[in-house]
Amino acid sequence: MNRKIDTSKVIEALKLKDKFFKDVEQENAWVSFKTNGNYKTRTIASDDYHQRVQVFIEEEFGHYPSRGCVEQICYALTAFTKDKGPKKKIHLRIARKSNNIYYDLGNEKGDLIKMSPDGVKFMLKKDKPFRNPPKQKAQVLPIKDTSKKISLESILEFVNISDEYKTLFIIYLITCFIPEIEHPMLVLCGGAGQGKTTISSIVKGLVDPGHAELSSLSSLKDENFYLSLHNSWLSVFENESNLRKSDSDNLCRAITGSAFERRKHFSNDEMFYIHIKRCIVVNCIKNILREEDIIDRSLIFTVKQKKGDNFKLPSDLMEEFRSIKPFLLYEVFETISKALSLYPSIEYVPKTRMAEFEKWGYTIAKAIGKEKIFLQQYEKMIRTKLDETIRNNTLLIAIEHLLHQMPDKCWSGRILDLLRELEQIAISQKLDVRDSSMPRSPEQLSKMLTAYEHLLKANKIKLIRKKRTNRGANVSLEMIE
């Protein structure tokens with residue numbers, strides 16, 4: 001250590017200069033500081049803050065500290081912050097306070113966009129605690145289009161989805177800028193070369209630009225999955241061909257909000273926690289969703305390539321998108337400001353399990369005068385997903401085949417016998433008997449019938465549980481005209 005440096009004086013000077021606080025979730029030590037005219041928020045243990053301390057000592061005290069000296073100062077500041085520092089919530093890209101929403105552009109200057117019922121306003125981050133992970137890119141500065149040539153519908157020039165869901169897609173995109181709510185997973189299905197990757201990149205670029213924008217879900221273990229989501233507000237998983245039950249469960253938890261726990265060091269039992277609630281995009285050749293929970297939490301769009309004169313190379317599309325992005329971003333922010341003014345008076349009662357998305361979606365749609373179209377398209381999406389769920393469920397398909405073979409469209413008997421008949425039908429109809437929706441035991445079949453009762457009803461099949469005998473549980477299934 002350099003003996004000429006009085007570390008206690010350096011520490012006291014930094015306490016006056018910088019703002020120290022701890023994260024309410026993990027109680028890690030953080031600091032907000034200004035360097036080269038720009039505001040930054042980092043952990044005290046970060047390389048950025050170590051460098052800031054070194055430069056501060058050189059400029060303010062005229063000494064060149066050793067690495068050990070800088071580490072000692074940062075360690076002391078960490079201890080001070082954990083003991084006496086105020087608690088603050090650390091945000092990633094988007095935050096909400098009262099009836100205001102803040103969007104972090106992630107640039108060196110620390111620019112924030114404030115959306116309130118009064119409009120859109122530019123401001124500096126200062127001590128507002130936003131973190132900027134290395135994989136995050138800076139967003140462009142939004143610009144108001146005085147010529148009025150750019151509108152929210154301009155995004156549809158780059159998105160080749162069916163007309164029947166275009167308003168729903170726009171509303172979904174805008175809700176990605178609303179923090180603290182459950183966002184449905186965006187699923188883009190289509191063959192090779194249909195433009196799924198381009199749409200995914202456009203969504204990511206508009207909402208949360210970053211380095212290595214697309215990744216593979218199948219290549220991530222549970223721990224890496226949560227850590228990956230921890231550093232992005234919106235994550236894109238590319239070219240998925242299969243969704244394991246564990247993947248489906250992880251995605252559901254990330255959508256609804258879940259805490260991930262892991263050890264800080266392998267040498268002790270100290271734990272830290274990461275709370276995840278994120279926007280997620282998945283693209284795939286065919287719909288890979290099988291579990292009802294994740295289907296209920298998703299919006300599924302089929303992507304089709306534009307042909308003829310409308311066809312453009314992905315590179316040309318991305319170049320055009322980048323040229324209008326500043327104006328499109330401002331349109332989004334202005335729409336959210338209008339929605340913020342409307343939301344307190346909205347009396348709409350959601351009807352689905354994605355209640356937060358549905359109510360905010362309705363409010364945003366009302367702000368642009370399309371609430372009826374939004375509800376029509378969202379309700380149609382729900383019905384389509386229900387049909388898709390039934391079509392992808394081996395058990396439900398086998399039951400339907402079984403009942404159609406019955407003279408009176410009715411089957412009654414033991415659960416064990418039902419399982420045997422369903423297995424034979426699944427094999428004869430060349431259904432996927434290895435699918436997770438196909439039970440392996442009478443006990444599992446009994447539980448699945450209970451879980452799928454509403455799907456059976458939607459498929460016009462009535463389930464009746466009968467009195468249990470010494471030979472086992474009994475049920476009756478019948479088609480409803």
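Seven elements, β2 (29-35), β3 (38-43), α3 (67-84), β5 (91-92), β6 (94-97), α6 (222-230) and β15 (271-276), each put at least two residues into the lining of the largest pocket. Helices here are DSSP runs of H or I with at least four residues, strands are runs of E with at least two, and both are numbered from the N terminus. A pocket is worked out on a 1 Å grid over the protein atoms alone, as an open set of points with protein on both sides within 12 Å along at least five of seven lines; a lining residue has an atom within 4 Å of a point. The model is a predicted one, with local features needing pLDDT of at least 70 and side-chain atom pairs counting only at pLDDT 80 or more, while totals for chains, interfaces and linings use all residues. Residues are numbered from 1 along each chain as its sequence is written, and side-chain values use heavy atoms, with hydrogens and water left out.

The largest pocket holds about 1100 Å³ of space, a volume being the space filled by probe spheres set on grid points that are joined across faces, edges and corners. Its lining runs to 42 residues, and Asp 23, Gln 26, Trp 30, Arg 131 and His 230 are the ones nearest the centre. Helix α3 is the top contributor, with five residues. Sorted by class, the lining comes out as 18 nonpolar, 13 polar and eleven charged residues. For that sorting, Ala, Val, Leu, Ile, Met, Phe, Trp, Tyr, Cys and Pro are nonpolar, Asp, Glu, Lys and Arg are charged, and the others, Gly among them, are polar.

The largest cavity has a volume of about 50 Å³. Around it sit Leu 152, Ile 155, Ile 170, Leu 173, Ile 174, Leu 206, Leu 328 and Val 332, a lining of eight nonpolar, no polar and no charged residues. Both α4 (166-175) and α9 (314-342) supply at least two of the lining residues, with α4 giving the most, at three.

Zooming out, the protein has 15 helices and 20 strands, and its C-alpha trace spans about 95 × 60 × 45 Å along the principal axes. Of its 481 residues, 50% are buried, where buried means under 20% relative accessible area, exposed means over 50%, and partly exposed lies in between (1.4 Å probe, protein chains only). Taking contact as heavy atoms within 4.5 Å, 67% of the contacts between residues at least 6 apart in sequence join residues at least 24 apart.

Helix α10 (residues 355-367) includes Thr 363. Buried residues in α10 include Phe 357, Trp 360, Tyr 362 and Ile 364, and among the elements covering the buried set are β6, α4, β17 (298-302), α9 and α11 (371-391). Thr 363 itself is buried, at 0% relative accessibility. A polar atom of the Thr 363 side chain lies 2.8 Å from the backbone oxygen of Lys 359. Beyond four places in sequence, Thr 363 is in contact with Ala 339, Leu 342, Tyr 343 and Ile 346. Just past the helix, Gly 369 has a positive phi of about 75 degrees.

Helix α7 (residues 245-256) gets a similar check: its twelve residues should span 16 Å at 1.5 Å a residue, and the end C-alpha atoms are 17 Å apart, which agrees. Its buried residues include Asp 247, Asn 250, Leu 251 and Cys 252. Gly 257 follows α7 with a positive phi, near 105 degrees.

As for the strands, Ser 116 belongs to β8 (residues 111-116) and is buried, at 9% relative accessible area. Leaving out residues up to four places away in sequence, Ser 116 touches Asn 99, Asn 100, Ser 337 and Leu 340. The C-alpha atoms of Ser 116 and Ile 336 are 8.1 Å apart, across 220 residues of sequence. Gly 37, in the loop between β2 and β3, is partly exposed, with 47% relative accessible area. From Gly 37 to Thr 469, 432 residues along the chain, the C-alpha separation is 79 Å.

Terms used. Polar contact = N/O pair within 3.5 Å; in protein donor to acceptor, adjacent residues only side chain to side chain. 1 Å grid on protein atoms, 1.4 Å probe; cavity = no way out; pocket = protein on both sides within 12 Å on 5 of 7 lines; lining within 4 Å. Expected span 1.5 Å × (residues − 1).
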